[in-house]
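Let's take a friendly walk through a protein fold, piece by piece. Have a look at the sequence and the model before reading on.

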Amino acid sequence: MKIVLCGSKKFIPTFFKLEKVLKEKGLEAVVPKEFIIDIPKKEASLLHFDEINKEDVDALLIVNESKNGIENYIGANGFAELAFGFYKGRKIYLLNDIYKPFEEELLAWEVIPLKGDINHIVEGNKNGK
């Protein structure tokens with residue numbers, strides 16, 4: 001199973017922790033290129049959308065931690081990536097719970113809140129979900 005990680009640059013340490021844990025569980029994880037190499041924002045966004053668009057991508061994992069006192073934060077980039085993943089028919093997971101300002105869309109798009117437990121991704125993969 002191939003999972004593209006998405007979300008705010010503010011959560012970079014979490015991205016790399018998740019990448020390691022997912023790989024240990026036998027899943028392929030893709031971290032945004034801009035977190036690895038220094039490239040302009042526009043180019044980074046286009047490259048990340050290219051990753052989401054690849055045929056072998058099964059799911060997106062939106063890293064939505066607390067930011068500036070806001071729980072389960074999803075910013076502009078994360079929401080854009082999430083919306084594109086929805087359009088492409090990818091399964092979408094939230095690392096934590098539903099972000100209230102986007103609750104209507106997230107529920108309608110059947111986004112799966114993991115509430116901090118990424119084992120649900122592994123279990124779902126084993127069950128063919």
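Here is a short tour, from the whole chain down to single residues.

## Before we start

This is a predicted model, in which local features need pLDDT of at least 70 and side-chain atom pairs count only at pLDDT 80 or more, while totals for chains, interfaces and linings use all residues. Residues are numbered from 1 along each chain as its sequence is written, and side-chain values use heavy atoms, with hydrogens and water left out.

## The overall picture

The protein has five helices and five strands. Both kinds of element are DSSP runs numbered from the N terminus: helices are H or I with at least four residues, and strands are E with at least two.

How much of the protein is buried? Buried residues make up 45% of the 129 residues. Here, buried means under 20% relative accessible area, exposed means over 50%, and partly exposed is in between, using a 1.4 Å probe and protein chains only. As for contacts (heavy atoms within 4.5 Å), take those with a separation of 6 or more: residues 24 or more positions apart account for 63% of them.

The five strands form an open sheet in the order 2-1-3-4-5, with parallel pairing. Strands 2 and 5 stand at the edges with a single partner strand each, so one side of each has no neighbour in the sheet. Two strands count as paired if DSSP finds at least two bridges between them. In general, strands of a sheet pair through backbone hydrogen bonds, either parallel or antiparallel.

Now zoom in on strand 1, residues 2–7. Six of its six residues are buried, so strand 1 is largely enclosed by the rest of the structure. In a regular strand, side chains alternate between the two faces of the sheet. In strand 1 both faces are covered: Lys2, Val4 and Cys6 are buried on one side, and Ile3, Leu5 and Gly7 on the other. Three bridges join strand 1 to strand 2 (residues 28–30), and the two run parallel. Valine 4 has valine 30 as its bridge partner, and lysine 2 stands opposite glutamate 28.

## Out at strand 5

Isoleucine 112 lies in strand 5, which covers residues 112–113. This isoleucine is partly exposed, with a relative accessible area of 30%. Leaving out residues up to four places away in sequence, isoleucine 112 touches Lys91, Ile92, Tyr93 and Leu94.

## Two loop residues with positive phi

Asparagine 72 has a phi near 55 degrees, a positive value in a residue other than glycine. Asparagine 72 sits in the loop between strand 3 (59–63) and helix 3 (76–87). Is asparagine 72 buried or exposed? At 15% relative accessibility, asparagine 72 counts as buried.

Glutamate 110 also has a phi near 55 degrees, again positive in a residue other than glycine. Its loop runs between helix 4 (103–108) and strand 5. At 66% relative accessibility, glutamate 110 counts as exposed.
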